[in-house]
Amino acid sequence: MNEPMEVICRHEEDLKPAARRLLDRYPLARVFALYGSMGAGKTTFIKALCQELGVEDIVQSPTFSLINEYITPAGESVFHFDFYRIRNISEVFDIGYEDYLYSGSYCFLEWPELIGDLLPEGTVCVTIAGEKERTITF
């Protein structure tokens, strides 16, 4: 098992190298749960992860739709979830979360703590903390 890694990001341009380090450290992982307070930079880090995967779509938080799908140049799907506004766990079942999380596609989850124990085994937990500079731990 890997020891936790911490990456300090002082500027937004530090996020892409941090995203590359995360993806390189877990080359077989496909589900990433991002934890952090409101405004911690979860969506911004997911943008950097998507850029590293070659996504050219506009990456934005799916706050109201719960899920956005982006496509890589190779035609592969990348799913971005935001569970902040779920009212109860049945909403997660209604969107067919298992079809996404067990698809083999990259899945980036904001507010995963709100879906309880539904995260699949092998989910990579990423924590973002700090205000002026961000500490990303994975």
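Buried means under 20% relative accessible area, exposed means over 50%, and partly exposed lies in between (1.4 Å probe, protein chains only). By that rule, the buried residues of helix 2 are Lys 42, Thr 43, Phe 45, Ile 46, Ala 48, Leu 49 and Cys 50. The model is predicted: local features need pLDDT of at least 70, side-chain atom pairs count only at pLDDT 80 or more, and totals for chains, interfaces and linings use all residues. Residues are numbered from 1 along each chain as its sequence is written, and side-chain values use heavy atoms, with hydrogens and water left out.

**Helix 2**

- Helices (H or I, at least four residues) and strands (E, at least two) are DSSP runs, numbered from the N terminus.
- Gln 51 belongs to helix 2 and counts as partly exposed because its relative accessibility is 44%.
- Between the C-alpha atoms of Gln 51 and Leu 23 there are 12 Å, and the two residues are 28 residues apart along the chain.
- After helix 2 comes Gly 54, with a positive phi near 90°.

**Nonpolar cores**

- A nonpolar core is a set of buried Ala, Val, Leu, Ile, Met, Phe, Trp, Tyr and Cys residues joined through side-chain atoms within 4.5 Å.
- The largest nonpolar core has 29 residues, and those touching the most other members are Leu 22, Phe 32, Phe 45, Phe 108 and Ile 136.
- At least two residues of this core come from each of strand 1 (6-9), helix 1 (15-25), strand 2 (31-35), helix 2, strand 5 and strand 6.
- There is also a second, separate core of 15 residues, with Ile 86, Tyr 97, Leu 101 and Cys 107 among them.
- Contact means heavy atoms within 4.5 Å; not counting residues up to four places away in sequence, Phe 32 touches Leu 22, Leu 23, Tyr 26, Tyr 106, Cys 107, Phe 108, Leu 109 and Val 124.

**The largest pocket**

- On a 1 Å grid over the protein atoms alone, a pocket is an open set of points where a 1.4 Å probe fits, with protein on both sides within 12 Å along at least five of seven lines; lining residues have an atom within 4 Å of a point.
- The largest pocket holds about 160 Å³ of space, where grid points are joined across faces, edges and corners and the volume is the space filled by probe spheres set on the points.
- Its lining has 15 residues, and Met 38, Gly 39, Lys 42, Thr 43 and Glu 110 lie nearest the centre of the largest pocket.
- With three residues, helix 2 (residues 42-52) gives the most to this lining.
- Four residues of the lining are nonpolar, seven polar and four charged, where Ala, Val, Leu, Ile, Met, Phe, Trp, Tyr, Cys and Pro count as nonpolar, Asp, Glu, Lys and Arg as charged, and the others, Gly among them, as polar.

**Loop between helix 2 and strand 3**

- Thr 63 lies in the loop between helix 2 and strand 3 (67-71) and is buried because its relative accessible area is 17%.
- Leaving aside neighbours within four places in sequence, Thr 63 is in contact with Asp 82 and Arg 85.
- The C-alpha atoms of Thr 63 and Phe 81 are separated by 8.1 Å, with the residues 18 apart along the chain.
- Leu 66 is in the loop between helix 2 and strand 3, and its 8% relative accessibility makes Leu 66 buried.
- Leu 66 is not a glycine, yet has a positive phi of about 75°.
- Most residues other than glycine have a negative phi.

- Ser 105, in the loop between helix 4 (97-101) and strand 5, is buried because its relative accessible area is 15%.
- Apart from neighbours within four places in sequence, Ser 105 is in contact with Arg 30, Ser 77 and Phe 79.
- Trp 111 lies in the loop between strand 5 and strand 6, is buried at 13% relative accessibility, and has a positive phi near 60°.
- Thr 123 is placed in the loop between strand 5 (106-110) and strand 6 (124-129), and counts as buried at 17% relative accessibility.
- Not counting residues up to four places away in sequence, Thr 123 touches Val 31 and Ala 33.
- Ala 129 is in strand 6 and counts as partly exposed at 38% relative accessibility.
- Not counting residues up to four places away in sequence, Ala 129 touches Arg 134 and Thr 135.
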